[in-house]
Amino acid sequence: MERERSAAAVMLGMAGFVVLAVSEHEGELEQAVETTADLVGCPTCAAVAELHDRRPVWVRDLPSAGRPVTVVWIKRVWRCRHLLCPKRTWTETSVLIAARASLTGRARAEICRRVGEDGASVAAVAREFGIGWRTAMSAVREHGKARVDDPVRLAGVAAVGVDETAFQAAAPTRSTSFVTGIVDLTRGRGPARLLDVVAGRSASALVSWVDERDLS
Ligand SMILES: [Zn+2]
């Protein structure tokens, strides 16, 4: 049993989590997981906590062998044993799965990488992950934003261009919604890097993006 457990944990590849069960529904995998935490102290008084409840949260994770994956994290709710302690109960957290997130952190990063580095369309990546176009697009925006806002990322950028078509093709039913990728076209940098993704048609979006950053 211990061997099976560790094999499942290795397959999952999320430190501090183990797989409890894996099931398949209509070509998608569902992995029930929990943290390895079993001895937890109260953050207020440090007394050893008691298990109070378990509450599942569902998040999309990296696809596995071409199948979209949902991770069901069976979160523990802990209770402080001391009646006078103000902490009472609290729910465990993880940096790997943010509170109220619909994606694991690594899924968000991979969606951004597939669109920004591989040049995959948002629609194709959304299908791979089993999520809607909007969810995939906001993962690209949110995950990419921190990197785009990093001034070092824009250092040495001498030429920028736009990549509208990749995103235009990925737009859902409304043909009027456009987003534009701002691409680093500086010579000698190899393949074009995606610097940002902004709403709007290419020309006006590019002009306002450059204005905001004073690259000229
Ligand atoms: Zn306490």
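Author: An axis is a line fitted to C-alpha atoms, for helices over the stretch in contact, and angles run from 0 to 180 degrees between N-to-C directions. The model is predicted, so local features need pLDDT of at least 70 and side-chain atom pairs pLDDT 80 or more, while totals for chains, interfaces and linings use all residues. Numbering starts from 1 along each chain as written, and side-chain values use heavy atoms, without hydrogens and water.

Helix H2 (residues 105–116) packs with helix H3 (residues 122–129) at an angle of about 145°, the two axes lying 9 Å apart; helices (H or I, at least four residues) and strands (E, at least two) are DSSP runs numbered from the N terminus. The crossing of H2 and H3 is right-handed (near helix turned clockwise from the far one by less than a right angle; left-handed if anticlockwise). To the contact (heavy atoms within 4.5 Å), H2 brings Ala-107, Glu-110, Ile-111, Arg-114 and Val-115, and H3 brings Val-122, Val-125, Glu-128 and Phe-129. By class, this contact has 6 nonpolar and 3 charged residues and no polar ones, where Ala, Val, Leu, Ile, Met, Phe, Trp, Tyr, Cys and Pro count as nonpolar, Asp, Glu, Lys and Arg as charged, and the others, Gly among them, as polar.

Turning to the aromatic rings, the count comes to 1 pair (rings of Phe, Tyr and Trp, its six-membered ring, with centres within 6.5 Å; planes under 30 degrees apart are stacked, over 60 edge-to-face, the rest tilted). Phe-17 and Trp-73 form it edge-to-face, 5.2 Å centre to centre with 75° between planes. Because Phe-17 lies in strand E1 and Trp-73 in strand E4 (residues 67–79), the pair ties together parts 56 residues apart in sequence.
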